Each structure stands twice: as C-alpha cells, then as structure tokens.
Amino acid sequence: MNFFISDKLPTFEQFANLHEASGLIKSKKGNYTREQLYQAANNSWYHISIYDQDQLIAFGRMISDGIYQALICDVMVDPTYQKQGLGKQIVEELITKCKNCGIHSIQLFSAKGKQHFYKKLGFEERELDAPGMSLIL
C-alpha cells in the first residue's frame, strides 16, 4: 500500500472521521465536542498523520514545553488499517521528534488495554501511586 506521512494538521473532517472510527472519542473523559478535540490537536506542539491517498488512517500528537518534557496523546489508527505497524510508526515519529529536539522525558496516557503495545516500544509503567507510563531517552 502507498501510505504517506505528514506533520500538517489534517482537515477537521478527516480528523473527526478517524476519531470516530478509532473509537478514541468514546474514551475521552468529559463531554468534548468534535470541534474542541480538533482545536486541541491544533494546539499541540507536534502532530503526525498517515494517509492512504486522501484518507487519514493514523494520527498521533504531543504536547510539550519543547525543552525537556513531552506527553503523547491521541494515538489512533483506523480499525481497517490496524495490525499493519501504523500505530508503531506514529509513536516512533513522535519519539524521533523528541530526540531531534533534545527532549529526554516522554510521558503518555494510553487507552485501556493498550499498555502492552507501548511496552513493546520501550515505555514502562510507572509506580501504582504515580499512574501513567514514561520513557526516558
């Protein structure tokens, strides 16, 4: 398949469609509109998208201070494209951005049941009294 990667924000329609298809919108705490979630993506420090022609099939974003801390958010892959390494590629692109900027501490929040996926990429669970996961580069 001929996928391409972009660091440009997808259109609202593309983003909203992927958010819905991936099921990520259901896991959000709070009652956010699709417009608010798109604005959050737009306000991110960095985001990466993978397309199959003009269809957004994978997306991930980070918020950061740009110096030493980054938080990975909203990694999502269209279910029809899962198990093809796209989620891994998104996370690797986000990590590469951090490395290139000298950021050594990457945090993330994962969807329920996805911890094993992130562990395979080098992330470790934090202590029970400090929930979350981190990767120190």
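Begin by selecting Lys-97 and Trp-45 in this predicted model: Lys-97 lies over the face of Trp-45, at 5.5 Å from the ring centre.

Next, select helix H3, which covers residues 86-101. If you place a distance between its end C-alpha atoms, you will find them 23 Å apart, which agrees with the 22 Å that its 16 residues should span at 1.5 Å a residue. Colour the buried residues of H3, which are Leu-86, Gly-87, Ile-90, Val-91, Leu-94, Ile-95 and Cys-98. Then step just past the helix to Gly-102, where the backbone takes a positive phi of about 80 degrees.

From here, turn to the aromatic rings, among which the structure holds 8 pairs. For one of these, show the side chains of Phe-15 and Phe-59, whose ring centres are 5.3 Å apart and whose planes stand at 80 degrees; since planes over 60 degrees apart count as edge-to-face, the pair is therefore edge-to-face. With the chain trace displayed as well, you can follow how this pair links distant parts of the chain, as Phe-15 belongs to helix H1 (residues 12-22) and Phe-59 to strand E3 (residues 55-64), 44 residues apart.

Note on methods:
Residues numbered from 1 in each chain as written. Predicted model: local features only at pLDDT ≥ 70, side-chain atom pairs only at ≥ 80, totals over all residues. Heavy atoms only, no water. Phe/Tyr/Trp six-rings, centres within 6.5 Å; stacked < 30°, edge-to-face > 60°. Helix = DSSP H or I, 4+ residues; strand = E, 2+ residues; numbered from the N terminus. Lys NZ or Arg CZ within 6 Å of the ring centre and 35° of its normal. Expected span 1.5 Å × (residues − 1). Buried < 20%, exposed > 50% of the residue type's maximum accessible area, 1.4 Å probe, protein only.
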